[in-house]
Amino acid sequence: MSHHGASLLSKLASGDKHGEASAYFDGWKAYENNPYHATHNPQGVIQMGLAENQLCSDLIKDWIKENPQASICTAEGVDSFSDIAVFQDYHGLKIFRQAIAAFMERARGGRASFEAERVVMSGGATGANETLMFCLADPGDAFLVPTPYYAAFDRDLRWRTGIKIIPVECNSSNNFQVTKHALESTYLRAQETGIKIKGLILANPSNPLGTTLHREALETIVNFIHDKQIHLVCDEIYAATAFTEPRFISVAEIIQEMDHVNRDLIHIVYSLSKDMGLPGFRVGVVYSYNDAVVSCARRMSSFGLVSSQTQSFLAAMLSDQIFVDNFLIEVSKRVAKRHRMFTGGLKEMGISCLRSNAGLFILMDLRQMLRDQTFESEMALWRVIVDKVKINVSPGSSFHCSEPGWFRVCFANMDEDTLQTGLERIKDFVVGDRANKINNNCNCLCNNKKENKKRKSFQKNLKLSFSSMIYDEHARSPKLMSPHSPLLRA
């Protein structure tokens, strides 16, 4: 955009706070410019940077075939067309809100209950998160967010609301789990700089970690926000993707057991994008225990409604309890199978990942492949992976990870053949990188006459060294402050 063109626009429109200047989005652009296709473009970029669930679409298509009356665009359902096509109040269809509340309960194993009257519609989780920010904070106020966190939070939470994000730094020493000490110290430092903290937002299950918060951690977090009298927003959009122990525990389940907690401070974001694989339907949900927030969010929802046609169709599908129960079982099974397939393939190459139990991705550990433990080296490695290996993965720095060398890789947005192709490309790259290191070391030895006598012993040790390159979970990297942290800039 020209300088003159930008001057005609608002500061919001002409500014750069959208967050697109990130490797997270750059990788998507690389894929869009050269998308992989098994026959039409086999040398293209494989999209492994999109957390999308394509594993259970066959179940939904089968249901549609068996229930054509659910759609107003079929001969069987067209009689409902006039009722659905006319203006709908922004409260949403009652049957839709009831179906969503019931699905949220079933996706959490029936261990928490949800009221239809507290369900507020939004245009995806993106709109739901932004709506809550508008309801809970003023421009200049801040929310604490444990790192690493979803890359697009910078856009969703800040761009139009004017709020700030204060990272709560977590590290690999405890699998990036947030601690009370980290929360307290970050809160105190923010207060000392005059920043008003209005709440804490976190994703559980985590994106990009693929982990769930255990009960004690959730209780600590809830007690923390209660003591500070600040809000807690739990983004639970991956709730049904949990596939192994420890099981997913919703904040809704936790607060049922904590009578002393002020429930007006608790809010949940949900959607059908990840659990059901329906991101194109743009179904987001704000669920708040605060009556005033429900009222305000509902008024705001007129800017991002879910179409009545979509509501009607989903109300029918989600009201089919037999279908829902089978779907939830299958999504967990299929995510588990794909996770085993992908992590097993990486393990054979000597690549480890953060241990995970949910989500549509893994956090891959490539710290041993960095030139040095810096974010510059991470970005250099990421550029090679995208440009040369032709795989779009997302570097940890785009998620504000405090340590370089971690990469989020998605595994559920493609068929198995494409996944295997991706694994083969990673293997070729890793094996080639190790071979280059071996050759470089051998060349150094050949050029050093004093070391000639030690060559056989060295090569033997070298083989042992490379065979043991699998990450030892007890090894620790030096803790590094994220360069994106506003606390660091302050």
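Predicted model: local features only at pLDDT ≥ 70, side-chain atom pairs only at ≥ 80, totals over all residues.
I started at the end of helix α9, where Gly 194 follows with a positive phi, near 85°.

**Helix α9.** Next I checked the length of the helix. α9 runs over residues 180-192, which makes 13 residues, and at 1.5 Å a residue it should span 18 Å. I looked up its end C-alpha atoms and they are 18 Å apart, so the two values agree. Then I asked myself which residues of α9 are buried. My list reads Ala 182, Leu 183, Ser 185, Thr 186, Tyr 187 and Ala 190.

**Ser 332.** I moved on to helix α14, residues 321-348, where Ser 332 has its place. Is Ser 332 buried or exposed? Its relative accessible area is 18%, and buried means under 20%, so Ser 332 counts as buried. Setting aside residues up to four places away in sequence, I found Ser 332 touching Ala 240, Ala 242 and Phe 243.

**The cores.** The largest nonpolar core has 145 residues, and Leu 232, Met 276 and Phe 342 touch the most other members. α14 gives the largest share of this core, 9 residues. I also jotted down a second, separate core of 5 residues, with Phe 25, Ala 151, Ala 152 and Phe 399 among them.

Beyond its neighbours within four places in sequence, Met 276 is in contact with Ile 60, Phe 103, Met 317, Leu 318, Phe 323 and Phe 327.

How values were computed
Residues numbered from 1 in each chain as written. Heavy atoms only, no water. Helix = DSSP H or I, 4+ residues; strand = E, 2+ residues; numbered from the N terminus. Expected span 1.5 Å × (residues − 1). Buried < 20%, exposed > 50% of the residue type's maximum accessible area, 1.4 Å probe, protein only. Contact = heavy atoms within 4.5 Å. Core = buried A, V, L, I, M, F, W, Y, C linked by side-chain atoms within 4.5 Å.
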